[in-house]
2 protein chains.
Amino acid sequence: MTIQSANRCKWWGWGKDSESFHLPDPDQFWAYIRDRLGETKPSPRLDSLSNVDVRPSQLSADDLKELTRVCEPGGVSTDNTERAIFSLGKGYKDLVQMRRGLIPNPTDAVVRPESEAQLLELLRVAAQRQLAVIPFGGGTSVVGGVEPTGERKTITLDMSGLSRPIEINRESATAVVQAGIMGPDLERYIRPAGFTLGHFPQSFMHSTVGGWIATRSAGQNSTKYGAIEKHVQSVRLAHPEGILSTPEVPAAAAGPDLVQMITGSEGALGVITQAVLRLSARPKVRDYRGYLFRSFADGVQAAREIIQADIAPALLRLSDEHETESSLALRATPKGTAAAIERVGRWYLGRKGLDLQTGAIMILGFEGSESAVRHERAVAAKVLKRHGAASLGSGAGRAWRRGRFSAPHLRDMVLDRGIMIDTLETSTTWDRYLDLHATVHDALRDALGERSVVMAHLSHSYTDGGSIYYTFLAPQEEGDEIEQWERVKAAATTAIVSNGGALSHHHSIGSEHRAWIRDYLGEEGARWLSTIKRSLDPDNILNPGKLVPEPDDTAAK
Amino acid sequence: MTIQSANRCKWWGWGKDSESFHLPDPDQFWAYIRDRLGETKPSPRLDSLSNVDVRPSQLSADDLKELTRVCEPGGVSTDNTERAIFSLGKGYKDLVQMRRGLIPNPTDAVVRPESEAQLLELLRVAAQRQLAVIPFGGGTSVVGGVEPTGERKTITLDMSGLSRPIEINRESATAVVQAGIMGPDLERYIRPAGFTLGHFPQSFMHSTVGGWIATRSAGQNSTKYGAIEKHVQSVRLAHPEGILSTPEVPAAAAGPDLVQMITGSEGALGVITQAVLRLSARPKVRDYRGYLFRSFADGVQAAREIIQADIAPALLRLSDEHETESSLALRATPKGTAAAIERVGRWYLGRKGLDLQTGAIMILGFEGSESAVRHERAVAAKVLKRHGAASLGSGAGRAWRRGRFSAPHLRDMVLDRGIMIDTLETSTTWDRYLDLHATVHDALRDALGERSVVMAHLSHSYTDGGSIYYTFLAPQEEGDEIEQWERVKAAATTAIVSNGGALSHHHSIGSEHRAWIRDYLGEEGARWLSTIKRSLDPDNILNPGKLVPEPDDTAAK
């Protein structure tokens, strides 16, 4: 059995085995962490997953016979290590479990279809034999989106067999790709034709187009290019009853938008096999710069005014005071001439009443033609000035671009030291923004205790509101790591939903946010979701336990 | 009984009774029509609808008692004239019938709720008593969206009792309004705060926010501001089971997008009662100009390149050669100095190989700040030059803006002369655009015969494609007006769906496009739509007969 994708990522963390990550100034960073969290106890992990103790596959010989009948040789695996890897995502809870080889609900087989026809046939076999089916793209879910429920026999579809680009339509600026294609492979395919998708989630290196669509993914440049739902012109979705292929048209007034029903459906209505994606011209100019505001509140005002001024920055990322401080601890300490320049810079900022240690940094990036970037920058400049922002230059922009995909690597290093680290995100309207930002911050701090760091940033702005993305750290409670995390997560999520925040801005629902979806959508909204799910998947075989509220889900307030 | 909205529009045509429309140069226009269609025989219409012969209401005394219990006094009417007016939309077929007082399937009562609570209670009464319910906003449907099926007792909800604006949120740039509010009332409400919705369908003067959402309406400026689905942040929808209120957040990854399910649902899943709409700043500058291309094909290339250059014109409207010619017949003939200037202009165009009589006119409009309009115009200018367009100046732009809502008035005048006139629209990807344009043109001409005019324009451009909007005229076949129209409509619609066009770009499905939805969405797509409808409206009381394919709908190919 060679399911090649099994070795995509380190089983215990982020990235390929060959990848490593180095702190620019380890002493400075760990001193900052010790100052906030105190001493922590290293948390060991297994050397290898090869002898992992996983519950045996529950599939019968008949089940396996039917599955192997459909697939190419080697397309079905019940190997323990394979099953372990395909039974968890890459959230904090997943990593805590995986590092110790604890797989609470292993899948019963990893199955790799090599074509849409095989996939459809697998779904029919699954429907007939009442097997649950979980599509697995990059497996980077941080909301429990790919874990079996443990309540029924389950197969996990390794989508790496459907990962081919199909064609580019230059005139219509679209690309047709199979759902299992990874971010870098997609960009490599369309780049020679002068295109980019412009979709760069932090998971970009290891996640798939199908996963992006299934979770309503947003990327770091989505403020300009739009989140994934803006990119999907049409989609093919396999369902035990057949292939749903939405019309390939740019716009239509022909009933509820089926593409927007499938986008965000998390495998619960079928398996996305293919998509037509809208592309953009690769930008001629990329201009990213840093700015310092006296406070996060000042920066949020500026962000709102920039986005309401009818321009579309490729990036508008505003760190709150806590994240700004933490990012200083993370960077390389300036030495020699750089240190001298920084001293002058700090003196200059000080004269304007600004302080790196207590202010809020914004990275503002524009992409496009030279004239478009010039125009947009000029519009933004007026707003920035009005709110007292000082330029930190393009070095800050370059530094952000260099490190844009590396945060999950840092997470692994922090975990090794026995520190809980996780992120969560929401969005809300501008009038509620600062209140929600403070309320969730306080809820996290309350739940984490004094020895903790809670920081946040605004990363996606809309005319009517913006996202808030939190990172939080605290010493692990040894032996109670999962319970500790669940307590913290519940406190934050309840604060979000009770105060007008989105249950998720771009991570989706999965199993971890499911308990709140009734509070979030309201009784009638939750009833719609359940009714639609039940009518399209009456046997509940399509990624059960995700997204859709279950009768015994209690409001977690 | 005083259902005030009954007098909103002329019962036999478009606009208020007080409105009238004058051709700039009637002799020239009618000469053009005679040249193409030959002599036609005037088509009479009733003087008044007051004695219209309408099947009596089928409601029982108990039905009426229950309905009147819920409403304010005078909120339920079974008056024949009222019922006639609320039983048809404003499409060609509707007008042919209404002008003769033929109401094939009259509603059984017009009911006017004055609050969401009353409306919800009415739905419960309807569910209990198995009455079909049709929401009626402005009643401007051109796809049979408001007509009863005639198969069951039906009540029509006059939404004019829920037409109040509720509040503006300046910080989040949104407005909360009841669904029955009309276009002009909405713009008047938000204008003092510096906002516009930017949504101007041709029906703007007489249609409602709820109608726009229910039909996935697009407006004349939607290329910049986005079609209605981009404006709806959240929505309240009444369903016999309760009120579905979607979360008021700017963006979320929390399952299938319920707002995008409700947008386009045509009353078949519930009744939209309220919406939060995203607003834009009123533009400081409006700059509309005309251009002449040698051919429609040249203009389409230019349109595609403009929209793919990452700018957003407020209007990009390109008439094909037939529509260009027809628009010359419609305008005032220049006299005196104007005629002299036009002669010079034609000589100048001729030197560039362009001819008003055989070319294609584009109206290109930009809106926004002075610097934004300057930037966008500069980007467009390069493309226009590359494709040999000659400027016709801002007079052409002003003329378009003056007449932007008047085409339906012209329709009434043409109908009086015994001429069939109707419009239909689609969209497709750029690579298929010119082929589809020609194919549908030919299908219309074939169905209409030699004595006909078929013309089209591109009005909405996207990076991946554009819309096509047809207008067609032919002498009415006396006594067979409806059959004639049905034959033509079927020929065009089949050509659209068989050649990669959207079944509708912005008119929606209603009852008139329903027969094609199975071909358009495919078997599995149609099954989804039917399954969702059945699961959420098991008794099929919510605007039955619209949108959702029925078992005996045959592919009309």
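The following legends accompany close-up views of a predicted model.

**View 1. Overall dimensions of chain A.** The secondary structure of chain A amounts to 19 helices and 19 strands. With a radius of gyration of 24 Å, close to the 24 Å given by the globule rule for 557 residues, chain A is as compact as a globular protein of that length. The C-alpha trace of chain A extends over about 75 × 55 × 45 Å along its principal axes. Buried residues make up 58% of the 557 residues of chain A. Of the contacts in chain A between residues at least 6 apart in sequence, 77% link residues at least 24 apart.

**View 2**

**View 3. The side of chain A that touches chain B.** In this contact, 79 residues of chain A meet 79 residues of chain B. The elements of chain A that each supply two or more residues to its side include the strands β8 (232–239), β9 (242–245), β16 (419–429) and β19 (465–475). Helices α10 (258–262), α14 (370–386), α17 (430–448) and α19 (517–536) of chain A are also among them. The largest share, 14 residues, is provided by α19(A). Classified by residue type, the side of chain A that touches chain B comprises 31 nonpolar, 36 polar and twelve charged residues.

**View 4. A four-stranded open sheet in chain B.** The strands of this sheet follow the order β1-β2-β4-β3 (chain B), and their pairing is mixed. Strands β1 (76–77) and β3 (132–136) of chain B are at the edges, each with a single partner strand, so one side of each has no neighbour in the sheet. In general, strands of a sheet pair through backbone hydrogen bonds, in either a parallel or an antiparallel manner.

**View 5. Strands β2 and β4 of chain B, with helix α5.** Strand β2 (residues 109–111) of chain B pairs with strand β4 (residues 154–158) of chain B in the parallel sense, over three bridges. V110(B) has T156(B) in β4(B) as its bridge partner. Helix α5 (residues 116–129) of chain B lies across β2, β3 and β4 of chain B and runs at about 175° to β4(B).

How values were computed
Residues numbered from 1 in each chain as written. Chains lettered and ligands numbered in written order. Predicted model: local features only at pLDDT ≥ 70, side-chain atom pairs only at ≥ 80, totals over all residues. Pairing = 2+ DSSP bridges. Contact = placed C-beta atoms within 7 Å. Axes fitted to C-alpha atoms, helices over the stretch in contact; angles between N-to-C directions. Rg over C-alpha atoms; globule rule 2.2 N^0.38 Å. Buried ≥ 20, exposed ≤ 12 C-beta atoms within 10 Å, placed from the backbone. Nonpolar A, V, L, I, M, F, W, Y, C, P; charged D, E, K, R; others polar.
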